[in-house]
Amino acid sequence: MHALNNIFLRMALAALPALTALILATGTAQASYYPGYNISTLESYLNGQNGNQAASYEVYTGNLGGLYKVTALAYEAGHNNVFYGSASGSVLFSNQVTSDFGTYASGVDLTQAYYQDISDNEIYDLSSDNVRIYRLTADWTVPGLGTTLAAGTLIIGLNDSWTGDGDYDDLILAARHTPIPGAVWLLGTGLLGLVSIRQVLNKH
């Protein structure tokens with residue numbers, strides 16, 4: 001009987017690693033990532049994690065008004081996270097599709113844009129505590145993409161509904177304000193001038 005108990009004990013100990021792995025796998029989603037390393041946090045990503053060029057940046061708390069060019073840079077997440085460019089728009093970027101990372105979407109109104117954690121059906125606009133925004137204070141070459149972002153570009157990071165890690169790297173975006181073209185300014189100035197002249201003529 002004692003020998004039989006020892007056999008069962010050895011079998012249980014042998015099965016323990018597989019059982020532990022099964023419990024962990026069912027309890028949390030397996031994280032995937034882009035570029036080719038597991039990002040620790042948004043800040044470590046910007047600080048040159050894995051031997052990459054470090055960015056020079058500052059916290060951004062300014063106005064998000066106007067239109068922006070936006071692209072996805074990186075992510076590290078177990079959840080399916082997406083970014084919408086407007087309240088009624090389609091998905092612009094997803095951490096499930098990295099082929100369009102580095103490709104810009106234009107005319108994005110960040111005051112209307114939002115993230116969605118598809119896995120838990122949670123929505124976060126860019127004023128949410130689940131979103132952090134930094135502004136580059138110098139040009140920065142993006143790890144894995146090879147593209148260079150100009151100073152002034154906003155770096156936006158999501159911390160999805162799995163808040164236990166507090167990493168804000170679950171879908172990292174870059175947003176660059178789109179200036180109004182000079183021709184539009186000239187047209188607007190011309191129209192205002194015509195209106196002013198018309199008002200003066202009407203008075204006389």
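Let's start with a charged pair: Glu58 and Arg135 make a salt bridge, with 2.8 Å between the closest N and O atoms. Glu58 sits in strand S2 (residues 57-59) and Arg135 in strand S9, so this pair ties together parts that are 77 residues apart in sequence. A salt bridge here is a side-chain nitrogen of Lys or Arg within 4 Å of a carboxyl oxygen of Asp or Glu. Helices (H or I, at least four residues) and strands (E, at least two) are DSSP runs, numbered from the N terminus.

Before going on, keep in mind that this is a predicted model, where local features need pLDDT of at least 70 and side-chain atom pairs count only at pLDDT 80 or more, while totals for chains, interfaces and linings use all residues. Residues are numbered from 1 along each chain as its sequence is written, and side-chain values use heavy atoms, with hydrogens and water left out.

How exposed are the two partners? Glu58 is partly exposed at 32% relative accessible area, and Arg135 is partly exposed at 30%. The cut-offs are under 20% for buried, over 50% for exposed, and partly exposed in between (1.4 Å probe, protein chains only).

The structure holds 2 salt bridges. In the one between Glu43 and Arg132, the side chains meet at 2.9 Å, N to O. Glu43 belongs to helix H2 (residues 42-46) and Arg132 to strand S9 (residues 131-136), so the pair links parts that are 89 residues apart in sequence. Glu43 is buried, with a relative accessible area of 16%, whereas Arg132 counts as partly exposed at 32%.

Now for the sheets. Strands of a sheet pair through backbone hydrogen bonds, either parallel or antiparallel. In this model, 4 strands form an open, antiparallel sheet in the order S5-S4-S7-S8. Its edges are strand S5 (91-94) and strand S8 (122-125), each of which pairs on one side only. From one strand to the next, the twist averages 25°; axes are lines fitted to C-alpha atoms, for helices over the stretch in contact, and angles run from 0 to 180 degrees between N-to-C directions. Two strands count as paired if DSSP finds at least two bridges between them.

Strand S4 (residues 81-84) is joined to S5 by 3 bridges, and there Val82 stands opposite Ser94. Ser94 is worth a look. At 10% relative accessibility, Ser94 counts as buried. Leaving aside neighbours within four places in sequence, Ser94 is in contact (heavy atoms within 4.5 Å) with Asn80, Asn81, Val82 and Phe101. A polar atom of the Ser94 side chain also lies 3.0 Å from the backbone nitrogen of Gln96.

Elsewhere, strand S3 (residues 67-77) pairs antiparallel with strand S13 (residues 172-177) over 6 bridges, with Ala74 opposite Ile172. S13 is also joined to strand S12 (residues 154-158), again antiparallel, by 4 bridges; here Ile155 has Ala174 as its bridge partner.

Tyr34 and Pro35 are joined by a cis peptide bond, with omega about 5°, and Pro35 is in the loop between strand S1 (32-34) and H2. Asn50, in the loop between H2 and S2, has a positive phi of about 65° although it is not a glycine. Asn121 has a positive phi too, near 55°, and lies in the loop between strand S7 (114-117) and S8. Are these asparagines buried or exposed? Asn50 is exposed at 57% relative accessible area, and Asn121 is exposed at 57%.

Note on methods
Polar contact = N/O pair within 3.5 Å; in protein donor to acceptor, adjacent residues only side chain to side chain.
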